Amino acid sequence: MAAENPVESPQEEATCPICLEYFKDPVIIECGHNFCQACIAQCWEGSDTATSCPQCRETVQQRNLRLNRQLANMVEIAKGLSFQAAKGAGGDGVCERHQEALKLFCERDQTPICVVCNRSRAHRTHKVVPIEEAAQEYKGKIEAHLKSLTEDREKLLGFKETGEATCQEYLKQIEKERQKIVSEFQQLRQFLEEQERLLLAQLEKLDKVFVKIQNEKITKLSEEISYLSELISELEGKYQKPASEFLQDIRSTLSSCKNERRKFQQPLKISPKLKVRLSEFSQKTVVLVNTLRKIKDALPSELERKSRKSLGPFRKVNVTLDPDSAHPQLVLSEDRKSVRWGDTRQDLPNNPERFNSWACVLGYKGFTSGRRCWEVQVGAGRHWAVGVARESVGRKGRISRSPEGGIWAVQRWGSRFEALTSAVTRLPRRQIPTRIRVCLDCDWGQVTFIDAVDETPIFSFPPGSALGERIRPWFWVGPGSPLRLCP
């Protein structure tokens, strides 16, 4: 038989039979048994005179309670012995409440307990096992988790290495493409600069030729004008003379006038060879300019097409309405997927997010990157608008429903179907759509509208117009024109 632990006997003697914990303010009753003062008082509560001992059931008087100072001292000694024994056995595994060694494990509360805790009310009905046995069981569970987590970490490390290697390959490919573009455009610039230099040199030669012709002709004409001026002055003087003098040498004077008129009837002419050279140069310039314009017009659209193709398709998102932004005249459904014009203006707080003039409402969530789309059922309503708006769009007063005001949308106004551009663009459509898909490309800053029924494009705002801020779905609702966000 194993020797009894010398510490356990004092612990038992220092334990209250009622609470099964160390005595606290121990008292002794007539039969000689000891209890915590609070425990025996609670046990005898409601009885004014004689009662029985909770341990031996002997009748005793309540007033004969005496403080047992010796037992109180022994309790302190037992606590100290227990603490020293626990430190000697395991170091820090000591119950903070009872200063006992933590030898047991409560499976229900999943916490180490001491033998006093096991006998207390808090744990007496719980299943407990020796702490070493519990430690082995839970070590097995932790080892399984460690193995799983280690495997996950190894997988992630592998993904990281693979991703880094892939990124490095793409970075190398991007650098090659960058060098190729720089080289090609450098050659193109050199070619264009050479063409520019040759054309300007040819133009300079033509310019000098025409300047020379101009100078020669103008000089000759100036001389002839001066001669004619002298002749006119001479004739005017002869015209004022008396008849006898006027008619002297009149035949010679008339002959001179006729000869001079025939002489000056020849117009200023440019040689046919120069005209041909100028025409050829003009045609060459037109061809070059048209070619450059075609390159300029085709290049951005081609780059845009390839870049958009690499970005992938638009991702459909679940859009709900933001009640804090809704105009008081608008009524939102319980699922916040539809909105209609209400019969009366609701009494809602005029918070900074709420529209107070235009009957507008925003989507609850905004977007800053990626390619997103959602569909809106507009039905047969005659007054509505759908699109997107900046997070900072004006909410109070008469807002500008245009890109300048932070809104990109299309609207129906009676029989008219329009894009809300700066000057409002009338959209030529045979039939106004009943279901519209809004496509937002945050990376390109572009908004596109598509008829979700027949997949035909409606209108597209230019790239770059909706950049630089969080973009949210935007709706304007008129009377009798409810809108419904499609699932």
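This report walks through some pockets, strands, turns and aromatic rings of one predicted model.

## Ground rules

Since the model is predicted, local features need pLDDT of at least 70 and side-chain atom pairs count only at pLDDT 80 or more, while totals for chains, interfaces and linings use all residues. Residues are numbered from 1 along each chain as its sequence is written, and side-chain values use heavy atoms, with hydrogens and water left out.

## The largest pocket

Let's start with empty space. Rolling a probe the size of a water molecule over the atoms shows where such space is left. The work is done on a 1 Å grid over the protein atoms alone: a cavity is a set of points where a 1.4 Å probe fits but cannot get out, and a pocket is an open set with protein on both sides within 12 Å along at least five of seven lines. Lining residues have an atom within 4 Å of a point. Grid points are joined across faces, edges and corners, and a volume is the space filled by probe spheres set on the points.

The largest pocket comes to about 340 Å³. It has 14 lining residues, and Cys19, Glu21, Tyr22, Lys24 and Arg97 are the closest to its centre. By type, the lining splits into 7 nonpolar, 2 polar and 5 charged residues. Here Ala, Val, Leu, Ile, Met, Phe, Trp, Tyr, Cys and Pro count as nonpolar, Asp, Glu, Lys and Arg as charged, and the others, Gly among them, as polar.

## The largest cavity

There is 1 cavity of 30 Å³ or more in the whole structure. The largest cavity has a volume of about 30 Å³, and its lining includes Leu321, Lys337, Val376 and Phe475. Strands E11 and E22 (483-485) each supply at least two lining residues, and E22 gives the most, with 3. The lining of this cavity divides into 6 nonpolar, 1 polar and 2 charged residues.

## An open sheet

Now for the strands, which are DSSP runs (E, at least two residues) numbered from the N terminus. Two strands pair if DSSP finds at least two bridges between them. An open, antiparallel sheet is made of 3 strands in the order E2-E1-E5. Strands E2 (34-36) and E5 (66-67) are at the edges with a single partner strand each, so one side of each has no neighbour in the sheet. Strand E1 (residues 26-28) is joined to E2 by 3 bridges, and Ile28 has Asn34 as its bridge partner in E2.

The hairpin of E16 and E17 has 5 residues between the strands, and Val424 in the turn has a positive phi of about 65°.

Most residues other than glycine have a negative phi. Gln110 has a positive one, near 50°, and is found in the loop between strands E6 (104-106) and E7 (111-113). Arg336 has a positive phi too, near 55°, in the loop between strands E10 (330-332) and E11 (338-341).

## Aromatic rings

Rings of Phe, Tyr and Trp (its six-membered ring) pair if their centres lie within 6.5 Å; planes under 30 degrees apart count as stacked, over 60 as edge-to-face and the rest as tilted. The whole structure holds 7 aromatic pairs. One of them, Phe367 and Trp374, has centres 5.9 Å apart and planes at 25°, so the pair is stacked. Buried means under 20% relative accessible area, exposed over 50%, partly exposed in between (1.4 Å probe, protein chains only). Phe367 is buried at 5%, as is Trp374 at 3%.

Trp413 and Trp476 are stacked as well, at 5.8 Å centre to centre and 20° between the planes. Trp413 is in strand E15 and Trp476 in strand E21 (residues 471-477), so the pair ties together parts that are 63 residues apart in sequence. Trp413 is partly exposed at 37%, whereas Trp476 is buried at 7%. Ring pairs link Trp358, Trp413 and Trp476 into a cluster.

A charge sits over a ring if NZ of Lys or CZ of Arg is within 6 Å of the ring centre and within 35 degrees of the ring normal. Arg401 lies over the face of Trp358, 4.2 Å from the ring centre. The charged end of Arg401 also sits over the ring of Trp476, at 4.9 Å from its centre.

Definitions and conventions. Helix = DSSP H or I, 4+ residues; strand = E, 2+ residues; numbered from the N terminus.
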